[in-house]
Amino acid sequence: MAFNMTSIKTSSDGAWQGDNPLRFAFPLLVVQTTLVLSVSRFLAFLLKPFRQPRVIAEIAGGILLGPSALGRNKDFLHLVFPSWSTPILESVASVGLLFFLFLVGLELDLSSIRRSGKRAFGIALAGVSLPFIFGVGITFLLRKAVDGEDKVGFSQCILFIGISLSITAFPVLARILAELKLLTTDVGQTAMAAAAFNDVAAWILLALAVALGNGGSHSSPLASIWILISGVAFVAFMLTIIRPAMNWVGRQCSRMHDTMDEAYICLTLAGVMLSGFTTDLIGIHAIFGGFVFGLTIPKGGEFSERLIKRIEDFVTGLLLPLYFASSGLKTDVAKIQGVEAWGLLALVISTACAGKILGTFVVAMLCMTPVRESLALGVLMNTKGLVELIVLNIGKEKKVLSDEMFAILVLMALFTTFMTTPAVMAIYKPIRRIATQAQPQIQRESNVAENSSQDKLRILACVHGPANVPSLISLIDSISNANQSPLKLYVMHLMELTDRTSSILMVQRGRKNGFPFIKGFRRGELKDQVGAAFEPYNHFGRVTVRPTKAISALSTMHEDICHVAKKKRVGMIVLSFHKQWRGEGQEAVENVGHGWRGVNQRVLKNAPCPVGVLVDRGFGGVERRVCILFLGGPDDRYALKLGGSMAEHSAVRVTLVRLVEKGKIDSNSISSQGLAQDGCIEVSSASSTTPIYCGKEKVSFEFIVLPCNLQLSVATETKTLTQK
């Protein structure tokens, strides 16, 4: 059915009035958005075990919805993605793309590029020039083999194919490096600096390609030159006039209240739109303006962090997948027909990989980089992604790339990005024996003995967020008192790594050489809620607090915890339980997920010291009741020493439960550990599951200290908690 664009209405009168909502703009856009998000999230879930970036799932989801798969059904394509809805979908997607490129520019620090040195510049130069030269060579073959390419201008074809082969996706590379915990290592920092150089060079080449493409449709041969001159003038104006103005705005926002910040944030978002309109008016794509405006924002301050938090979820989570869907609707894999066409695809992939990896590898070796690191750098620099799709879509929009050529280059980008993570994991494996190998029992016992003899008690406490802070503070108050040795507390805020820009920026600030680093409190430094809650302890003489963050995938979070525990020679690791209660007799009101339960289990398995799981059961009150379960062994004796420290606190009541196998109860006294004999309850049991009773009454404890190899059932009046 043919539609006149001027007759399309925004919303329908409803099905009861006889209207089909899918023939109206807004209801159809809602359906399209929901379908795109559902497919991309499902594919991301399937690819998560392979540690692939989310962009892979979004590109694959767009292809799946397009004419390559589901779109082959014409009824489905005409119902959900009719041709009249394409301008609407692409307009909304372009808004998301504009703001995403603004975030990319906000993430790219030009000052770090200047500080990166000659090695990164040489790697970037080789990583751009050699693939581009290979692209020029392969262009001659593609123009003859692919139908329609010989009708395109030779210079335009060379530029778009050369850029598509030589580009490195800076945002995707940052997320892959963060996932592999390489972002703050020498390899990761070199790759990021080289990718930043590469990104800037790619945008310059893309602006040149767009200018030449537009010049071909104008009667004046000087149009391309005027476009380039205007583009250079725009960049100069933004960096010399707008950038100092945004630095002033950033300083003002750090001093103002939230109500004042809103005006500046809205003004900045309007500036993104205006910059996009200006570059579109010049003749360069609108996204170029958003990217340049992002470069003018001051980096590392409170203003940039607020900007990122305000828009990143809406842009990357909702709008950006629509761009991948619109790209997928243009990708028809069926256009690649015959052995010759698939051979061309293999040739393009091989040429792209060879140019990128070979050029980077040779220059890295000349810079005295080890072989494995040089090869890993080559694979990392071969990462493609969203920026690649942007180049290809502009090329198709300018009619430089045919449908078959477009499909070949999209599949090339998908394959090269997919291979990056497994290839780097196979080539470059940093030594993490401290964190990944379980220590023998003899070595573990020696560590416990060493920690027990320390004058200063060292504890590594891991929390998921502000909700875990009150129970941890209560535990610290119970342990620290004037009669005992000083306490040094390392507070580690555990945060799951995501694809968000803010998450990547936190990794860059919170890690060093691939691991979290410990830092003290500094006056005037911006702190999160967890770190700020423990700052007052540093004003007392008995407790020293050092905050840190562990931003990592849940599957490898235990490596960070065990590494810090070993490096700082802590005597005990305290983990937050994955459930919380808000008072006796209530149901659990917070469950952070079974993923965190797996983190706790891996820490228990690999930890170099005793581990305690802190269960916040919501019992308040002036008197704190603590139960210690004693089986024997070095870990239990350390827990006993900890209980003895608590027992000297006037507001703490400690009860020791000694579990012994039936028939093996001895009369050895344990009161020398600092616990009164009348506070000890011996329980005889033949099984490994023992409910705790005090006489005939069930006992409710605020803290329960138990060995990690014990399966315990703690009974209360309304619930039973089982900790394995």
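Trainee: Is Cys157 buried or exposed?

Mentor: Cys157 is buried, with a relative accessible area of 1%. Keep in mind that this is a predicted model.

Trainee: And Cys609, which cysteine sulfur is nearest to that one?

Mentor: That would be the sulfur of Cys562, 8.0 Å away. A disulfide needs the two sulfur atoms within 2.5 Å, so Cys609 is in no disulfide.

Trainee: Is Cys609 buried or exposed?

Mentor: Cys609 counts as buried, at 1% relative accessibility.

Trainee: How many disulfides does the count come to?

Mentor: The count comes to 0 disulfides.

Trainee: OK, switching to confidence. What does the chain average for pLDDT?

Mentor: The average pLDDT is 78, and 76% of the residues score at least 70.

Trainee: Which elements have the lowest and the highest mean pLDDT?

Mentor: Strand 17, residues 720–723, has the lowest mean at 32. Helix 1, residues 25–47, has the highest at 94.

Trainee: Where does pLDDT stay under 50?

Mentor: One stretch is residues 665–700, for which the model has 71 contacts beyond four places in sequence. Another is residues 708–724, with 45 contacts of that kind.

Trainee: Zooming out, how many helices and strands does the chain have?

Mentor: There are 25 helices and 17 strands. The chain has 724 residues, and buried residues make up 54% of them.

Trainee: What about the accessible surface, how much of it belongs to carbon and sulfur?

Mentor: Carbon and sulfur atoms hold 59% of the accessible surface, which comes to about 32400 Å² for the chain.

Trainee: And of the contacts between residues at least 6 apart in sequence, what share joins residues at least 24 apart?

Mentor: That share is 78%.

Trainee: Now the methionine. Where is Met246 found?

Mentor: Met246 is in helix 10, which covers residues 223–253.

Trainee: Why does Met246 count as buried?

Mentor: Because its relative accessible area is 9%, and the cut-off for buried is under 20%.

Trainee: What is Met246 in contact with, leaving aside neighbours within four places in sequence?

Mentor: Met246 is in contact with Thr268, Phe293, Thr296, Ile297, Pro298 and Phe303.

Technical notes:
Residues numbered from 1 in each chain as written. Predicted model: local features only at pLDDT ≥ 70, side-chain atom pairs only at ≥ 80, totals over all residues. Heavy atoms only, no water. pLDDT = per-residue confidence, 0-100. Helix = DSSP H or I, 4+ residues; strand = E, 2+ residues; numbered from the N terminus. Contact = heavy atoms within 4.5 Å. Buried < 20%, exposed > 50% of the residue type's maximum accessible area, 1.4 Å probe, protein only. Areas by Shrake-Rupley, 256 points an atom, 1.4 Å probe, with all protein chains shown as cover.
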